[in-house]
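Have the structure open while you read.

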Amino acid sequence: MNNVELEPLFASPLIKTTLDISCLADLRKNIVSNHSNHTSINDDIEVDSNVCLGLHKKKKFSNLKKSIEHKVCSILHDLYNVEGIEFYLCDMWSTCCLPGEGGDHHFHANSFYSGVFYPFEDTPSGLVFYSPVEDKFSLDITGNITHNHQFNTPNYVVNPKECELIFFPSYLHHKVLKNKSEKTRYSIAFNIYVKGNLKAPTSSLFINTSIKA
């Protein structure tokens, strides 16, 4: 388009980077161990065994927590140009999808950013994001689109690579696509929150940093 200026107005950032992890083999073993009881899509285990919560409190995942937190918080500070507040990782968990399993359509309430780390060589199914602008396609032209890009698609699929770290605003709806392979899908998910003095236009709110996530 000659002589046309196109701006991605009010864009929702999806950030992709990588992590260099020492003892990657040990990390993988620990993640697999978290889900050793998850053996069936229809199992009757009382606690949902395809999700293992509270990894940010476990010593064997402390180095991973620090690596994710350092990388994400550094990027967010540069992206938003803020002062007087800090970003921190408030919770972290591992997930497991057996062949035939997938995730529910959801978003992460009560957090600022959310993300996923993929430590395995092969992650069988992707992560799909949905447009946060509900009326973006009030006139549905999606059936006429010949090539998808950020201005015309109502959803976007990420196919993770080994040691890829992705994070995004927590309001973005997303889900894990159905695992159509014969391999188990593993990942580490997390949420990012803020602490400090939020200088909102109508008030000044101090977040109590003594509350433990």
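This is a predicted model: local features need pLDDT of at least 70, side-chain atom pairs count only at pLDDT 80 or more; totals for chains, interfaces and linings use all residues.

1. Arg-28 has a charged partner: it forms a salt bridge with Glu-162, with the closest N and O atoms 2.7 Å apart. The two come from distant parts of the chain, 134 residues apart, with Arg-28 in helix H1 and Glu-162 in the loop between strands S6 and S7. Glu-162 itself is partly exposed, at 36% relative accessibility.

2. The structure holds three salt bridges. Another of them joins the side chains of Lys-183 and Asp-122, at 3.1 Å from N to O. Lys-183 sits in the S8–S9 loop and Asp-122 in the S4–S5 loop, so this pair ties together parts 61 residues apart in sequence. Lys-183 is partly exposed at 48%, and Asp-122 is partly exposed too, at 39%.

3. Lys-65 and Glu-69 also meet in a salt bridge, 3.6 Å from N to O. Both are in helix H2, four residues apart, or about one turn of the helix. Lys-65 counts as buried, at 18% relative accessibility.

4. Now the packing. The largest nonpolar core has 30 residues, and Leu-64, Ile-68, Met-92, Phe-117 and Phe-190 touch the most other members. Elements giving two or more residues to this core include helices H1 and H2 and strand S9.

5. What does Ile-68 touch, leaving out residues up to four places away in sequence? Its contacts are Leu-19, Leu-89, Met-92, Phe-117, Leu-165 and Phe-190. Apart from this core lies another, of 10 residues, with Val-158 and Ile-166 among them.

Technical notes. Residues are numbered from 1 along each chain as its sequence is written. Side-chain values use heavy atoms; hydrogens and water are left out. A nonpolar core is a set of buried Ala, Val, Leu, Ile, Met, Phe, Trp, Tyr and Cys residues joined through side-chain atoms within 4.5 Å. Buried means under 20% relative accessible area, exposed over 50%, partly exposed in between (1.4 Å probe, protein chains only). Contact means heavy atoms within 4.5 Å. A salt bridge is a side-chain nitrogen of Lys or Arg within 4 Å of a carboxyl oxygen of Asp or Glu.
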